[in-house]
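Here is a short briefing on one protein and its ligand. Look over the sequence and the model first, then read the notes.

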Amino acid sequence: MEKIVLLIFSAVLLFSDESAVSKCNECHANFLAPPYKKVYKHYLLKYSSKARVQKAMIDFLKAPSEKKSAMSKGLKKRFNPDEHLVFDTTTIDKAVRDIIEQEDIIKRFKKIP
Ligand code: HEC
């Protein structure tokens, strides 16, 4: 019995872990929002390091505002950063970590032979 409970519990954990960034994919992978590559590029240009990018993204997502936005003027005009959805802290932390790992420029360079 305990094994079954444990199994269900870990499945739920696994599922919720996966769904952190899938909540973002709804827009960011569907042309309703700039793709992660573009978002990451703007953050990297503004904040230079991975750690600072992570901090700034989390900061923005916890309380979205145009002032905190790292996107270009054109993108800010087209999409309003003030109206970005707010998620719970756990989702934000996990999703941002996933996006940064996925878009990591150093890793991309390493793939080039
Ligand atoms: C309902 C659609 C939608 C969902 C869901 C969504 N986003 Fe966004 N996101 C947008 C749009 C539109 C923009 C461009 C406007 C802006 O900059 O806020 C954006 C911009 C951003 C930016 C750049 C913000 C800036 O202006 O500097 C980040 C970072 C971001 N999203 C992360 C996330 C993460 C992480 C998630 C999931 C937890 C997520 N988004 C879910 C629509 C969405």
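**Around the ligand**

Among the 26 residues around the ligand, the nearest are Cys24, Cys27, Ala33, Ser69 and Phe79. A residue counts as near if its C-beta atom, placed from the backbone, lies within 6 Å of the molecule. This is a predicted model: local features need pLDDT of at least 70, side-chain atom pairs count only at pLDDT 80 or more, and totals for chains, interfaces and linings use all residues. Residues are numbered from 1 along each chain as its sequence is written.

- The shell around the ligand holds 20 nonpolar, four polar and two charged residues. Here Ala, Val, Leu, Ile, Met, Phe, Trp, Tyr, Cys and Pro count as nonpolar, Asp, Glu, Lys and Arg as charged, and the others, Gly among them, as polar.
- Helix H1 (2–28), H3 and H5 each give at least two residues to that shell.

**Overall fold and confidence**

- The protein has six helices and zero strands. Helices (H or I, at least four residues) and strands (E, at least two) are DSSP runs, numbered from the N terminus.
- Of its 113 residues, 15% count as buried. Buried means that 20 or more other C-beta atoms lie within 10 Å of the residue's own; exposed means 12 or fewer, and partly exposed is in between, with C-beta atoms placed from the backbone.
- Take the contacts with a separation of 6 or more: residues 24 or more positions apart account for 62% of them. Two residues are in contact if their C-beta atoms, placed from the backbone, lie within 7 Å.
- The average pLDDT is 88, and 83% of the residues score at least 70. pLDDT is the predictor's confidence in each residue, from 0 to 100.
- Among the elements, H1 has the lowest mean pLDDT (68) and H3 the highest (98).

**Helix H3**

- Val53, Met57, Phe60 and Leu61 are buried in H3. They cover an arc of only 95° around the axis, so they sit on the same side of H3. The arc is that of the directions from the helix axis to the C-beta atoms.
- An α-helix has 3.6 residues a turn, so residues three or four places apart point the same way.
- Helix H2 (36–47) and helix H5 (89–103) are among what covers the buried residues of H3.

**Gln102**

- Gln102 lies in helix H5. Gln102 is partly exposed, because 13 other C-beta atoms lie within 10 Å.
- Gln102 and Tyr36 are 66 residues apart in sequence, yet 8.9 Å apart in space, C-alpha to C-alpha.
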